[in-house]
Structure formats: C-alpha cells, structure tokens
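This report looks at a ligand shell, a helix and a strand residue. Please keep the sequence and the 3D view at hand while reading.

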Amino acid sequence: MGTAFWSSGVLFAAHRLSVFDVLEARPQSGSDLARACGLTPAGAEKLLAACASLGLVIEDESGQYRNSPLATTFLVRGKPAYQGHLLAYFADLWARFGELEHLLRTGEIGPREMAFDLVRPNDERQAAERAWVLAMHEIALGGQAEALCRAVDLSGYTRLLDVSGGAGSYALRFAEQYPGLTAEVFDLPEVVAIADELIQQSAVRDRVRVRSGDFVNADYGYGYDVVLLSGVLHGLGERHILRVLKKSYAALNPGGCVIVQEMTPDAPSPAAAQFAALFSLNMMSGATYSAEQLALWLNQSGFLRITVTPLEQACWFDHVISGHKP
Ligand SMILES: C[S@@+](CC[C@H](N)C(=O)[O-])C[C@H]1O[C@@H](n2cnc3c(N)ncnc32)[C@H](O)[C@@H]1O
C-alpha cells in the first residue's frame, strides 16, 4: 500500500507525455521515444521499463516497445474505450490525497493544493473542468450506463429530468433505450455546454436537451415521470440532500419515480466497498452514504415503494435506490 502511488505516478506521467499515443503509431526504442515525447534518453528508458513492469507496454527482443492490449484499449486518445479524462481527473486529486492529513484536521484543502489552484492558468483550469465532465462520461460508457439501464425499467415513462446530469450520459442512454422518452439534462451552465456537444453528436438529439441552473436553489419544474440523481448526493450533506429530494418529489407526476445511483460503503464486492470508503475522503462536503441511509432519506422526502438494487458488475456506482411518488 505504501508504494501504490508509485504506479499511479508512472501511469499519470506516461499518459500526460502521450507515450501510449506515440507507441500506438509504431513500436519505439527508448531513444526514439525520448525524441518523440521530449524526454531525456535515461528518463525514457526508466519510464518504459516501469510501464513494462506494470503491464502497460511490452518490450520485444530487439529492445523496441509497443503498447500492451490494456494500454491500446484504454489509454490511446480517440479509441472508443479511452479512459484518459478519468485519469486526468485522478491526477488532479493527487494534491488532495497528498495533503489528506491537513484536510482531516481542518476540513479545508491543504496549502499546496490551494497554491496550485491559485497559480493554475485559466486555460488549464478550463481544460481540467472539461476533463472532469468527460471523465464522468467515460465512467458511464465504461459499463455504468449499461448497469443502470439493466437495473431500472422506465417503460411507459415519457419525461425524464437528469438533475446534475453532467455530460448527460445517462439521459442519452435512457433516450436510446426508450424511444418514447424525452430527457432534460440539468446542470451548471459550463457543464451543460459540454453535455450539449455530446447530445448534438447523438442519434437522439431531438429528444434530449439541456437546462442550466443550480440544483440547490432552482425550481426543477414539474410534470416529470422520472428524476435521476446519479452521483449527486455524495457531494452533499443531509440538509441539502433532503432539499434536493423534496424538489425532485415536487417535480414528479404522481406515480413517477426518483432514481438515485451512488457508490456506497455497503457495496456488493469488497473492492467496491473499499473504493467507496476511499472516495469519500476527497470530498470537501458530503460523504459516501449507505444504501439504507439513502433509502431512509427518500422515505423522509415522501417517496414510497422504495427499492434498493446492488449493481454487481458496475465499476463506479454500486447501488441504485429508487422510490415512487404516490
Ligand atoms: C459527480 S458529478 C455526476 C454527474 C452525472 N450525474 C453522472 O453521474 O455522470 C456531479 C455533478 O453535479 C454538478 N453540480 C455541482 N454543483 C451543482 C450545482 N450547484 N447545481 C447543479 N449542478 C451541480 C456538477 O457539475 C456535476 O456534473
């Protein structure tokens, strides 16, 4: 455990230096890669050896390196299962976890993260925010959207509101699955701008649209059959959770349902439970809550017929909790 960050550091550096993009074009020796990626020859050799030890690249008998199938699938820009934005998001959490002790003692981010945020140029900040939104999309495409679609049945419903819907990934997936469904992705203005790009590239662009606003203070509207809250509640404390759930309740038609998708410490697999426990540490407010606690909050907000569904296969969110408006 003490050296786990070594592997993360190698992965982040190799990805940021475009090592996997360069190797995908053709196998390279250490000195070729040094030239292509702007590294010292010694640095390139060490990085390649470290990547080989992690199963990211493979060396042949002539000393040339190529991507492993793992790297080709997930780490090359433009590939359908590319996870690079998610990696960039993890790399952004580096400072937070490096100064965890400070966060735990004070409840505030540490001086190094603060200093980093202050000196970060605007274009880098915007790129990081965009990477974060696209990271959420990569999670959805990486199996989460399929898992959610299998866990809930929206047959007969016609209007869905995806509150804090991020890239709109789940609204898009549901619209694809249910031809009679229209969906609205509600999020902050800069986020819905990115969602709208993805919507316009999709086959369901005529049935999915965006609306910008603040989920704590905005009126969600009314007449919806489904309100989706995916990965939203873990960022909030109890007071705001109940506020969001009550607004969701008000937005629904009688018979409509709220769907909460979350990571929980009572996840079906030990690995997922560990992920939820560690994930909870990087949040300034909020926490990963148990499925039972989330179900209780749904009930306190007026929802009935509450069901709790563990997602065995999903890699990020491990539970769906849904409830109906009577
Ligand atoms: C963890 S992401 C989840 C995104 C998406 N639902 C998903 O599961 O991929 C949390 C979302 O909450 C949004 N958010 C944060 N503060 C917000 C606010 N005040 N009003 C509306 N959305 C907000 C973020 O922009 C982000 O898209």
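By class, the residues that form the shell around the ligand are seven nonpolar, six polar and two charged. The model is a predicted one, and of the 15 residues around the ligand in it, those that come nearest are Met-136, Ser-164, Gly-166, Ser-230 and Gly-231.

Helix H4 covers residues 41-53, and its 13 residues, at 1.5 Å a residue, should span 18 Å, which agrees with the 18 Å that separates its end C-alpha atoms. Within H4, the buried residues are Ala-44, Leu-47, Leu-48 and Cys-51. Seen down the helix axis, these buried residues fall within an arc of 100°, so they line one face of H4. An α-helix has 3.6 residues a turn, so residues three or four places apart point the same way. On the other side of H4, Ala-42 and Ser-53 are exposed. After H4 comes Gly-55, with a positive phi near 80°.

| Element | Residues |
|---|---|
| helix H1 | 4-16 |
| helix H2 | 19-25 |
| helix H3 | 30-37 |
| strand S1 | 57-59 |
| strand S2 | 65-67 |

Leaving aside neighbours within four places in sequence, Thr-309 is in contact with Ala-151, His-319 and Val-320. The C-alpha atoms of Thr-309 and Ala-44 are separated by 47 Å, and the two residues are 265 residues apart along the chain.

Key. Residues are numbered from 1 along each chain as its sequence is written. This is a predicted model: local features need pLDDT of at least 70, side-chain atom pairs count only at pLDDT 80 or more; totals for chains, interfaces and linings use all residues. A residue is near a molecule or strand if its C-beta atom, placed from the backbone, lies within 6 Å of it. Ala, Val, Leu, Ile, Met, Phe, Trp, Tyr, Cys and Pro count as nonpolar, Asp, Glu, Lys and Arg as charged, and the others, Gly among them, as polar. Helices (H or I, at least four residues) and strands (E, at least two) are DSSP runs, numbered from the N terminus. The expected span of a helix is 1.5 Å times one less than its number of residues. A residue is buried if 20 or more other C-beta atoms lie within 10 Å of its own, exposed if 12 or fewer, and partly exposed in between; C-beta atoms are placed from the backbone. The arc is that of the directions from the helix axis to the C-beta atoms. Two residues are in contact if their C-beta atoms, placed from the backbone, lie within 7 Å.
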